[in-house]
Amino acid sequence: MKRVSYRRRGERGPLASIGLHAGLLVAVAISLFPVVWLVLTSLKPRDGWLSTELRLFDDASLDNYARVLTGTQFPQWLLNSVLTAGLTMVAGVFLAATTGYAVSRFRFLGHRSVMWLLLITQMFPVAILIVPLYNLMAGLGLLNQIPGLVIAYLTIAVPFCAWMMKSYFDTVPVEIDQAGLVDGLTPFGVFWRVALPLARPGIAVTAFYCFMTAWGEVGYATVFMSQEDRQPLGAGLQHFIGQHWSDWGLMTASAVLIAIPAGVVFLLVQRHLITGLTAGATKS
Amino acid sequence: MTVSTGRVTAAERAARGRRRERPWSAHWYAWAMIAPVAVVMLVLIGWPLARGVYLSLTDATEANIGRTIGVNVIPATYEFVGLDNYVAILTSGLFWEKLTWTVIWTVACVAAHYGIGLGLAVMLNRRLRFRSVYRVLLILPWAVPAFVAAFIWRYLYNSDYGVINGLLRMAGLSGVGWLDDPTTAKIAVITVNVWIGVPFMMVALLGGLQSIPAELYEAAEVDGASPWQRFVAITLPGLRQVSSTVILLGTIWTFNMFPIIYLVTRGGPGSETEILVTYAFREAFSGVRNYSGSAAWGVIILAMLVVLAIGYRRTLRAQGDPW
């Protein structure tokens, strides 16, 4: 695809154009197909998932959605997930922003090690932390409690978010901070009133990332939340697909209900996400 | 715990007078800002880590861990057994089997992520009609939460009702029990992970491509460089910073990728598709919960990743990256 010959600068022959579009269309088809199929399956009537016939909308029904919303614990799981993800987001943004700012601005003792440590915590496999963390939570009475799960998620989300926030703060000129200091703000005032508002896109991205981390996590949720009515979606949905019994109708309908809000928010912030991810990495 | 060791190395460095890092008093507010994270990390990663390492040196299982049931306190009766768990793991064929598969899984996934991601990024970086539409549609898999994606794919692979077999049957072929055979199950989970992971790479690399100055390409073109030469001499070096970061992150993430395998195949058939992380998880939370064994697996996994990251960083440093 890359090796098309240039006619004039920035122009290519019609064949190359066709090739380029064809390549992208194939990629789009692959990326979209599972999602489209999911939506179609969820719209089939109750036992419609038992057939693979590629019929489309001849007997579309919202039966599965009705069953999910009224006949299962789905609404409760959804509420749990929203609470967990929301709290993770608020706490995560706060922690990541302060850390990111401090590391971006101050060459204090150990600032390199802080960043390096944050990267290393990304490597911690679930397996090594989960048992001690489970015991810790049990000791603190935080099992089956949403705050306990939030704390566990913060350990996953904050390191990466702090990296992202650092790269955002790196793009805010230091001179602005200095102007703030000259005007009589304290270092914390500069952070709160000057740097934070300027890094708003970064905050959006961090918030989104924290939210998605909590929204999509499975391992901790499965282990820490053994009571069915306390589980978030990732753990709860597993009840639809049992060892001996599965109801893919329920599963697909709830998957659509989960993916739609996530997808909408994602499309809104994705531009910022791209800048956030690359700002730090491309700067030398 | 972790933070303090970090400070020691930094102090040593400062003592050698290399950096402009200033002592504690000059930037106390910086530490005040980091304090929340330091505390959280210390309590939630440092302490469990220390305790995990300790557990890995004992014979703790669910049966002897000690707990409180109502008012009855059952004391812990597990004992310190030294390196027994590690010896048992490292001498078992199972470990090497799982390690081999984990390495194959990681290399295959990261290579596919990077290769496909780079290909798509290069295509999207050209002047092109519908570019933003393509981009949004290609990013879509990223927006789907991993566990939802895992469930979708599990349905697609379903041997009786899955659409993949449906298509095969339509073409007159017989269906394949995708998740019942070790080889196809492995291919299946890698496919799912590639589907999920490509958008991230694509987006990161696209950002990298856009930061390469167009003048470089113009100059190379004037000098008569072929498109392939331009790709090798300008694009790839221009992407080095981004590439090194995303490949390291991608490797770590894939190595520790939990939900895909846990939810798509549940490790099966047998435990064929179980990677190290999911295996250690299962040790800890199914049957008689083997806490010590699982912790030992965890320590081994972590040690391998740390070695990998340090080696990677060294290599990059040696090549002159300021990383």
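1. B:R266 counts as partly exposed, because it has 17 C-beta neighbours inside 10 Å. The scale runs as follows: a residue is buried with 20 or more other C-beta atoms within 10 Å of its own, exposed with 12 or fewer, and partly exposed in between, with C-beta atoms placed from the backbone. B:R266 sits in the loop between α12 (259-264) and α13 (276-285) of chain B. From B:R266 to B:R282 is 16 residues in sequence and 9.8 Å in space, C-alpha to C-alpha.

2. A note on the source: this is a predicted model, in which local features need pLDDT of at least 70 and side-chain atom pairs count only at pLDDT 80 or more, while totals for chains, interfaces and linings use all residues. Residues are numbered from 1 along each chain as its sequence is written, and chains are lettered from A and ligands numbered from 1 in the order in which they are written.

3. Chain A has 12 helices and zero strands. Both are DSSP runs numbered from the N terminus: helices are H or I with at least four residues, strands are E with at least two. Of the 284 residues of chain A, 50% count as buried. Contacts in chain A with a separation of 6 or more come 76% from residues 24 or more positions apart. Two residues are in contact if their C-beta atoms, placed from the backbone, lie within 7 Å.

4. How do α6 and α9 of chain A pack? Helix α6 (residues 146-171) and helix α9 (residues 200-216) meet at an angle of about 160°, with axes 9 Å apart. The axes are lines fitted to C-alpha atoms over the stretch in contact, and angles run from 0 to 180 degrees between N-to-C directions. The two helices are therefore roughly antiparallel to each other (under 35 degrees is roughly parallel, over 145 roughly antiparallel, 65 to 115 roughly perpendicular, the rest oblique).

5. Which residues make this contact? Among them are A:Y153, A:F160 and A:Y168 of α6(A), and A:G202, A:Y209 and A:A214 of α9(A). The residues divide into 12 nonpolar, three polar and no charged. Here Ala, Val, Leu, Ile, Met, Phe, Trp, Tyr, Cys and Pro count as nonpolar, Asp, Glu, Lys and Arg as charged, and the others, Gly among them, as polar.

6. Now α9(A) itself. 14 of its 17 residues are buried, so α9(A) is largely enclosed by the rest of the structure.

7. In chain B, the buried residues of α5(B) include B:Y134, B:R135 and B:W142.
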